[in-house]
Amino acid sequence: MLLLYIGKQTAYAINTPENGKYRIINTIIVLLITAVSLLLDRSQYILIEMAFSFAIYIVLNYKTQMKLYGKVNF
């Protein structure tokens with residue numbers, strides 16, 4: 001999961017360097033959710049929570065792009 005997330009962040013850093021502050025905030029939020037998920041007792045719950053953290057990342061990224069550009073660039 002971490003490698004996938006780092007790869008995604010690298011692509012954003014190259015293509016949209018102007019939203020660095022938001023990217024760092026989004027990264028901290030998602031990694032905190034993931035770290036908390038590792039404290040759960042069952043592996044199914046951990047995987048669900050990690051999938052939830054990716055969904056949160058998508059929402060945060062959408063909001064960031066709407067704030068910066070007024071539209072979402074895919």
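Me: Read along the sequence, which pattern does the protein chain follow?
Reply: This is a predicted model, in which local features need pLDDT of at least 70 and side-chain atom pairs count only at pLDDT 80 or more, while totals for chains, interfaces and linings use all residues. Residues are numbered from 1 along each chain as its sequence is written, and side-chain values use heavy atoms, with hydrogens and water left out. Helices (H or I, at least four residues) and strands (E, at least two) are DSSP runs numbered from the N terminus, and the protein chain has three helices and zero strands. Read along the sequence, the pattern is α-α-α.

Me: How many residues does α3 have, and what distance separates its end C-alpha atoms?
Reply: The expected span of a helix is 1.5 Å times one less than its number of residues. Helix α3 covers residues 43-69, and its 27 residues should therefore span 39 Å. The model agrees with this, since the end C-alpha atoms of α3 are apart by 39 Å.

Me: Are α2 and α3 roughly parallel or roughly antiparallel?
Reply: Two packed helices are described by the angle between their axes and the distance between the axes. Axes are lines fitted to C-alpha atoms, for helices over the stretch in contact, and angles run from 0 to 180 degrees between N-to-C directions; the axes of α2 (residues 20-37) and α3 come within 9 Å and cross at roughly 165°. Angles under 35 degrees count as roughly parallel, over 145 as roughly antiparallel, 65 to 115 as roughly perpendicular and the rest as oblique. The crossing angle therefore makes α2, relative to α3, roughly antiparallel.

Me: By class, which residues form the contact of α2 with α3?
Reply: Contact means heavy atoms within 4.5 Å, and among the residues that make it are Ile29 and Ile33 of α2 and Met50 and Leu60 of α3. Ala, Val, Leu, Ile, Met, Phe, Trp, Tyr, Cys and Pro count as nonpolar, Asp, Glu, Lys and Arg as charged, and the others, Gly among them, as polar. By class, the contact of α2 with α3 has two charged, six polar and eleven nonpolar residues.

Me: Are α1 and α3 roughly parallel or roughly antiparallel to each other?
Reply: The axes of α1 and α3 come within 13 Å and cross at roughly 10°. With that angle, the two helices α1 and α3 are therefore roughly parallel.

Me: Which helices do the buried residues of α3 pack against?
Reply: Buried means under 20% relative accessible area, exposed over 50%, and partly exposed in between (1.4 Å probe, protein chains only). In α3 the buried residues are Ile46, Met50, Ser53, Tyr57, Leu60, Asn61, Thr64 and Gln65. These buried residues of α3 pack against α1 (2-15) and α2.

Me: Does Asn19 count as buried or exposed?
Reply: Asn19 is found in the loop between α1 and α2. Leaving aside its neighbours within four places in sequence, Asn19 is in contact with Thr64 and Leu68. Because its relative accessibility is 5%, Asn19 counts as buried.

Me: How far apart are the C-alpha atoms of Asn19 and Thr64 in space?
Reply: Along the sequence, Asn19 and Thr64 are 45 residues apart. In space, C-alpha to C-alpha, the distance between Asn19 and Thr64 is 7.9 Å.
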